[in-house]
Amino acid sequence: MPALIKALHKSGLREVSYHADSLAAAAKFEARAGVYTVSNTVNRTQTLLFDAHLDRLVDSARREGIPLRFDRKSLRVALREMILESGFGDARFRISVAAAQPKALILSIEPYHPPTDDLIQQGVRCNTSSRLARHNPGAKSSDWMHRRRGLETDRPAGLYETFLLDNEGAILEGLGSNFYAIVGGELHTAGSGVLAGIARRIVLDVCTGIIPARQIAPKLRDLARFDEAFLSSSSRGIIPVVEINGQKIGAGLPGATTRQLRGAYQHWVAAHREEL
């Protein structure tokens, strides 16, 4: 089933000049100079922290020097209309803005498939790379969406995500996720040099009362000291990470604290959904 893609102008929704089978395939048609945000719906038209996504979109545009202005109510109506038209049921969507056309929002949607139970129960294997760095970490830029494609393509089969390292070997974030390690009874995650993910905001909220959190990037050289690890993103929530660069983390299975955090995260999500 192909993705549904339209441009939202002040006058309403318009067709675009291209077609794509997925959000990933549609990305190649979008300008490198721009900003975007990605999330999903559940129960067909319910979203989570939609205004927070739009706030970050506006902030990303400011950081990239893009004069972005749009009507939030019109955007909600247009996105809901597309979701109902698509027949997808739950949808994963991307809202993109090109620097050259800041008055037009590109809305792309595809069917949303949540993480499988096996993925949550078994955890994922990942790798690291120091080949790339975000030019402007605080902005969710379209340039990064294009530049990271090489790392995604080159990632060996069976590996789920690639985590970025800084010059000192600190694990900053994934190509499309934030990263966390549990070390010595504390939750460690980078506090700077990364995109402030919407899911990350929820993680840091729900960890209160479960585990103390420090916004400090875990070091790859300390991998043997990691008791547990996981990643987060808006469309996936918390995903346990059980191996990095071929080295098992802890027992090589999702840990008790990660499972507890995921349960608290899912409970928070269920309590804060809203209609578009």
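Figure 1. With a relative accessibility of 32%, Asp51 counts as partly exposed, whereas Arg76, at a relative accessible area of 15%, is buried. In this predicted model, the two residues form a salt bridge in which the closest N and O atoms are 3.2 Å apart. Asp51 belongs to helix α2 (residues 50–63) and Arg76 to helix α3 (residues 72–86), so the pair ties together parts that are 25 residues apart in sequence. Both residues also take part in a network of salt bridges that links Asp51, Asp55, Arg72, Arg76 and Glu274.

**Figure 2. Asp59 and Arg62 within helix α2.** A salt bridge joins Asp59 to Arg62, with 2.7 Å between the closest N and O atoms. The two residues are three apart in helix α2 and are therefore separated by about one helical turn. Asp59 is partly exposed at 23% relative accessibility, while Arg62 is exposed, its relative accessible area being 56%.

**Figure 3. A salt bridge between Lys6 and Glu15.** The side chains of these two residues, Lys6 and Glu15, meet at an N to O distance of 3.8 Å. Lys6 counts as buried because its relative accessibility is 8%, under the 20% limit, whereas Glu15, at 62%, counts as exposed. By the rule applied here, the count of salt bridges comes to 20.

**Figure 4. Glu228, a buried residue that has no salt bridge.** Glu228 is placed in strand β13, which covers residues 228–233. The nearest side chain of opposite charge, that of Arg259, is 6.9 Å away, and a salt bridge would require a side-chain nitrogen within 4 Å of a carboxyl oxygen. The side chain of Glu228 does, however, reach the backbone nitrogen of Thr257 at 3.3 Å. When residues up to four places away in sequence are not counted, Glu228 touches Tyr180, Ala181, Ile182, Ile249, Gly255, Ala256, Thr257 and Thr258.

Figure 5. Tyr112 counts as buried, with 15% relative accessibility. Leaving aside neighbours within four places in sequence, Tyr112 is in contact with Asn40, Thr41, Asp90, Ala91, Arg92 and Ser235. The C-alpha atoms of Tyr112 and Gln266, residues that lie 154 apart along the chain, are separated by 17 Å.

How values were computed. Residues numbered from 1 in each chain as written. Predicted model: local features only at pLDDT ≥ 70, side-chain atom pairs only at ≥ 80, totals over all residues. Heavy atoms only, no water. Helix = DSSP H or I, 4+ residues; strand = E, 2+ residues; numbered from the N terminus. Buried < 20%, exposed > 50% of the residue type's maximum accessible area, 1.4 Å probe, protein only. Lys, Arg positive; Asp, Glu negative; His and termini not counted. Polar contact = N/O pair within 3.5 Å; in protein donor to acceptor, adjacent residues only side chain to side chain. Contact = heavy atoms within 4.5 Å.
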